[in-house]
Amino acid sequence: MRRAHAVADVRDAEAALMRRLPEGTLMRRAAAGLAATCAGLLGRVYGSRVVLLVGSGDNGGDALYAGALLARRGAGVTAALLAPERAHPGGLDALRAAGGLAVTDLAAATRLIDRADVVLDGIVGIGGKGGLRDDAAPLAAAADRSAGLTVAVDLPSGIDPDTGEVPGAAVRADVTVTFGTHKPGLLVDPGARYAGAVRLVPIGIDPGPPVLEALHHSDLAGLLPVPGELSDKYRRGVVGVVAGSARYPGAAVLAVAGALAGAAGAVRYVGPAADAVVRRFPEVLVHAGPPADAGRVQAWVIGPGIGDGSGAREAIAQVLGSGVPVLVDADGLALLRDTTVEPSAELLLTPHAGEAAALLGTDRAAVEAARLAHVRELARARRATVLLKGSTTLVADPVPAPVRVNPTGTGWLATAGSGDVLSGLAGSLLAAGLTARDAGSVAAYLHGLAARRATGVPGAPITAMDVAAALPGAWRDAVTPG
Ligand SMILES: NC(=O)C1=CN([C@@H]2O[C@H](COP(=O)(O)OP(=O)(O)OC[C@H]3O[C@@H](n4cnc5c(N)ncnc54)[C@H](O)[C@@H]3O)[C@@H](O)[C@H]2O)[C@@H](O)CC1
Ligand SMILES: [K+]
């Protein structure tokens with residue numbers, strides 16, 4: 001599991017450790033890790049051209065000390081000082097002693113950036129608030145244009161460390177070297193898109209419980225159910241799928257395809273698209289509805305393609321009151337706004353940003369810009385686990401717990417019907433007994449992995465059915481040790 005911690009907890013942990021260590025130890029550890037990463041990226045340090053963008057805080061100090069280490073190995077290192085009178089004095093001395101230069105003329109610095117092999121962004125780190133200031137923005141733009149690599153120190157300057165919000169200009173890094181632990185902004189979009197490949201340099205801090213966590217391959221085996229010797233289809237769980245309509249049978253077929261690839265022992269389809277479902281999947285139990293008459297299930301999935309007719313309204317009221325966990329997606333989310341039925345068991349909502357915005361009474365752009373805040377708010381407001389779809393899918397619980405962020409997404413997943421496959425899959429995991437939080441995050445992980453398998457390298461368009469078809473392979477991948 002990759003974990004990210006709140007800035008306040010990082011600062012407390014750093015302060016606690018610094019009291020026990022000689023002054024400057026942590027910054028030296030950070031700078032050593034940073035310099036080692038740069039050296040690896042440069043290949044040959046001797047004769048390389050390195051530009052440091054240095055702000056007024058310790059983030060700039062890290063860049064200066066790392067620059068000094070590179071200068072000692074023969075790199076030509078120039079520091080562009082954004083706040084010359086406040087640049088880290090020890091770092092500046094170290095750089096100069098190692099033969100590095102410092103400039104304060106930012107136009108000259110921009111020309112150096114154009115020819116640099118590596119640009120180190122030490123403008124701001126966890127002390128940053130708001131977007132990049134006006135004087136720093138042209139340097140960030142120059143680094144973006146430069147053919148050299150941009151390495152962010154701790155995090156790309158301009159992204160909010162705690163939320164991943166990007167309120168203005170920001171540095172676009174190829175690589176981010178972060179210290180002690182991940183910062184939430186590195187894992188959540190839009191910030192995550194600015195971070196490039198993230199490398200963690202341990203500095204010995206213990207910041208306590210995380211606010212964000214990302215499943216890793218090695219976590220999946222422990223979360224995915226394995227049928228025991230005594231399992232039969234009912235013990236493995238039956239998932240009921242209320243999806244599609246006579247007019248839109250496709251959503252039913254896709255949600256069922258996702259559910260069949262999950263862990264449930266059987267899939268029960270309920271709705272008017274039974275013919276299309278059975279033609280494609282003869283193994284599915286079908287019922288015209290309503291859900292209350294369809295037989296026992298251990299979890300319901302409701303929503304994809306069901307529209308907003310009276311049948312759909314009756315169905316959502318019935319499943320919410322059924323006493324088993326319910327996943328609500330797509331059209332079901334719109335119906336949720338009007339229903340007065342209190343859910344009688346765990347509830348998992350799977351909106352995209354637009355659907356989340358409608359439930360919260362805000363607009364899509366606001367949700368996209370502050371995904372972490374909105375997923376938490378929706379989970380609290382609806383007292384439900386919420387899976388907010390997107391390039392960094394988030395899963396938040398209504399109770400205080402680390403938000404899960406999915407690391408396996410790919411842009412190719414933005415294809416019609418892929419959400420229906422995801423809801424079927426997650427519902428199937430709910431029926432198999434996973435909590436809403438685990439079902440949502442494991443489903444997002446496998447779904448992303450399946451899309452990556454289907455799209456291949458370097459990638460090509462895929463359909464939602466391709467994703468569903470790749471799910472068994474993704475599952476096998478995920479539980480294969482090593
Ligand atoms: N505290 C520690 O023990 C360690 C800190 N380290 C480094 O120190 C950093 C934190 O240092 P600081 O607390 O000094 O804070 P930063 O260096 O992140 O930034 C604070 C300074 O930036 C200015 N600033 C804030 N927002 C800005 C913006 N949008 N544009 C331009 N300037 C802005 C502030 O006026 C302040 O002077 C970490 O990110 C990390 O790189 C590492 O050396 C590891 C150890
Ligand atoms: K930075």
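**Notebook: strands, loops and ligand shell of a predicted model**

I began inside the sheet, where Val241 stands opposite Tyr269 in strand 11; helices (H or I, at least four residues) and strands (E, at least two) are taken here as DSSP runs, numbered from the N terminus. From strand 11 the chain crosses through helix 11 (residues 274-280) to strand 12, and this β-α-β crossover is right-handed, a term I use when, with the strands pointing away from the viewer, the path from the first strand over the helix to the second runs clockwise.

Before going further I noted the ground rules. This is a predicted model, in which local features need pLDDT of at least 70 and side-chain atom pairs count only at pLDDT 80 or more, whereas totals for chains, interfaces and linings use all residues. Residues are numbered from 1 along each chain as its sequence is written, while chains are lettered from A and ligands numbered from 1 in the order in which they are written.

**Entry: strand 11**

I looked up how strand 11 pairs, counting two strands as paired if DSSP finds at least two bridges between them. Strand 11 and strand 12 pair in the parallel sense over 3 bridges, and Tyr269 stands opposite Val286 in strand 12. I then checked burial, calling a residue buried if 20 or more other C-beta atoms lie within 10 Å of its own, exposed if 12 or fewer, and partly exposed in between, with C-beta atoms placed from the backbone.

**Entry: strand 10**

I moved to strand 10 (residues 238-242), where 5 of the 5 residues are buried, so this strand too is largely enclosed by the rest of the structure. Val238, Gly240 and Val242 point one way from strand 10, whereas Val239 and Val241 point the other way. Strand 10 runs parallel to strand 11 (residues 266-270) and is joined to it by 5 bridges, with Val242 opposite Val270. Strand 10 also runs parallel to strand 13 (residues 299-302), to which 4 bridges join it, and there I find Val239 opposite Ala299. Strand 10, helix 10 (residues 249-260) and strand 11 make a right-handed β-α-β unit.

**Entry: backbone exceptions**

The peptide bond from Gly289 to Pro290 is cis, with omega near 0°, and Pro290 is found in the loop between strand 12 (285-287) and strand 13. A cis peptide bond also joins Val457 and Pro458, where omega is about 5°; Pro458 lies in the loop between helix 18 (436-455) and helix 19 (464-479).

For phi, I noted that Asp154, although not a glycine, has a positive value of about 70°, and that Asp154 is found in the loop between strand 6 (149-153) and strand 7 (175-179). Asp154 counts as buried because it has 28 C-beta neighbours inside 10 Å. Arg383, also not a glycine, has a positive phi of about 45° and lies in the loop between helix 16 (371-382) and strand 16 (385-388). Arg383 counts as exposed because it has 12 C-beta neighbours inside 10 Å.

**Entry: ligand 1**

Of the 27 residues around ligand 1, Gly57, Asp58, Asn59, Gly125 and Gly127 come nearest. Helix 1 (7-18), helix 2 (25-42) and helix 3 (58-72) each supply at least two residues of the shell, and helix 3 gives the most, with 4 residues.

Counting two residues as in contact if their C-beta atoms, placed from the backbone, lie within 7 Å, I find 13 residues of domain 1 in contact with 14 residues of domain 2. Strand 9 (residues 212-214) provides the largest share of the side of domain 1 that touches domain 2, namely 3 residues.

Methods
Near = placed C-beta within 6 Å.
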